[in-house]
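This briefing concerns the protein model displayed below. Please view the sequence and the coordinates together while reading the points that follow.

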Amino acid sequence: MVGFKATDVPPTATVKFLGAGTAACIADLITFPLDTAKVRLQIQGERQGPMQAAASAQYRGVLGTILTMVRTEGPRSLYSGLVAGLQRQMSFASVRIGLYDSVKQFYTKGSEHAGIGSRLLAGSTTGALAVAVAQPTDVVKVRFQAQARAGGGRRYQSTVEAYKTIAREEGFRGLWKGTSPNVARNAIVNCAELVTYDLIKDTLLKANLMTDDLPCHFTSAFGAGFCTTVIASPVDVVKTRYMNSALGQYRSAGHCALTMLQKEGPRAFYKGFMPSFLRLGSWNVVMFVTYEQLKRALMAACASREAPF
C-alpha cells in the first residue's frame, strides 16, 4: 500500500496539532466550492415563505448551484472567503482535531481503553475550545460565501476589510456573532466526526477486517462524514443563517431557528444537505487520510533527524 507506515513511536501533541491544521487546509482547498454551494443553498429563501422560495429559487441542487455561480459570478466566486476559511482551519482544526487524543487521554487518566463517554466528552471539549479561538474567521468566511458578486454591491471587498467593517459597524460582538449555535454545532460535529471515525477505525482494526493503512482511514472517514452530516445539518443551517443575517434581523439563534420553522417548515433545517454531505464526506476523507500520513511523515522525519546514522 502506498503511503507512510506507522512508526513505533506514537505522534506527539505538537505533531498532531500541526498535522491537523495542515491536513484541514488541504481538505478545504479541495472541497471549498462544495462548502460555498452549501452556504448559498442554506440561506436561499430565508426572507420568503416556502411557496415563494420554491418558485423563485435561484439555486437548485449542488451542480446547479455551482454552475449558476460560475455563469453569473465567474469561477472565482466558488472560492470566495477562502483566505478566511484557511485561517479558520489552521486555528480551528488544530485545536478540535489535533488536541482530541490528548484531551481524551486526560479524561481517561492515561488509559488506552477509552469508553464512548470519554470520547464524546473529549470531542465536545475540543469542539467548544476551537470555536472560542476561531469564531471571527468563521463569521467572515460565511459572509464572503453568502455574498453574490453579480447584480449589486458586495458587502466586503477583502478579508481584512471584512474584519474591520464588522468590528466597526457591529462592534466586537459582531465578530463573535453566532457563537452559541456554533459551539453547539461544533460540539455535535466534533463528537459525530471524531468519535465516529475513532470507533469505526477501532472496530475495523480489532476485528482484523483491515490494517491501519489508507483503506481503513478512507472507510472510517467516509462513515464519519455521513454520520456528521445527518446529525449536524439542522444546527449548521441555523448557524449559517444567523451568522449571515443583518444586524437586528434575528434576536438570537433560537429566534432564527423558530423563524425558519414558521416560514419554511422543518425541511428548511436540511437545506443544502447534499452539498453538506458531499463536502463533509469528501472533506473527511481528504483530511483524515492526509492527517494520518502527515503524522507518520513528521514522526519519521523526527526519528531520522535524531538518528541520522
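In what kind of interaction do the side chains of K201 and D212 meet? The two side chains meet in a salt bridge, with an N to O distance of 3.7 Å; a salt bridge is defined as a side-chain nitrogen of Lys or Arg within 4 Å of a carboxyl oxygen of Asp or Glu. K201 lies in helix 8 (residues 179–206) and D212 in the loop between helix 8 and helix 9, so the pair ties together parts that are 11 residues apart in sequence.

The model is predicted: local features need pLDDT of at least 70, side-chain atom pairs count only at pLDDT 80 or more, and totals for chains, interfaces and linings use all residues. Residues are numbered from 1 along each chain as its sequence is written, and side-chain values use heavy atoms, with hydrogens and water left out.

**Overall architecture**

- The chain contains 11 helices and 0 strands, where helices (H or I, at least four residues) and strands (E, at least two) are DSSP runs numbered from the N terminus.
- Along the sequence, the pattern reads α-α-α-α-α-α-α-α-α-α-α.
- Of the 309 residues in the chain, 53% are buried; buried means under 20% relative accessible area, exposed over 50%, and partly exposed in between (1.4 Å probe, protein chains only).
- Among contacts (heavy atoms within 4.5 Å) between residues at least 6 apart in sequence, 78% join residues at least 24 apart.

**Packing of helix 4 against helix 6**

- The axes of helix 4 (residues 82–96) and helix 6 (residues 116–146) come within 8 Å and cross at roughly 180°; axes are lines fitted to C-alpha atoms, for helices over the stretch in contact, and angles run from 0 to 180 degrees between N-to-C directions.
- Helix 4 is therefore roughly antiparallel to helix 6, a description applied to angles over 145 degrees.
- Helix 4 contributes residues including G85, R88 and F92 to the contact, and helix 6 contributes residues including L129, V133 and D138.
- The residues of this contact divide into 9 nonpolar, 6 polar and 4 charged; Ala, Val, Leu, Ile, Met, Phe, Trp, Tyr, Cys and Pro count as nonpolar, Asp, Glu, Lys and Arg as charged, and the others, Gly among them, as polar.

**Salt bridges**

- The count comes to 22 salt bridges.
- K38 pairs with D236 in a salt bridge whose closest N and O atoms are 3.0 Å apart.
- K38 lies in helix 1 (residues 13–43) and D236 in helix 9 (residues 214–244), so this pair ties together parts that are 198 residues apart in sequence.
- Both K38 and D236 are buried.
- R143 forms a salt bridge with E170, the closest N and O atoms being 3.1 Å apart.
- R143 belongs to helix 6 and E170 to helix 7 (residues 159–170), so the pair ties together parts that are 27 residues apart in sequence.
- Both R143 and E170 are buried.
- K201 is buried, with a relative accessible area of 13%, whereas D212 is partly exposed at 30%.
- A network of salt bridges links D28, D35, K38, R88, D138, K141, D236, K239 and R279.

**Backbone at N208**

- N208 is located in the loop between helix 8 and helix 9.
- Phi of N208 is near 60°, a positive value in a residue other than glycine.
- Most residues other than glycine have a negative phi.
- N208 is exposed, with a relative accessible area of 68%.

Note on methods
Angles under 35 degrees count as roughly parallel, over 145 as roughly antiparallel, 65 to 115 as roughly perpendicular and the rest as oblique.
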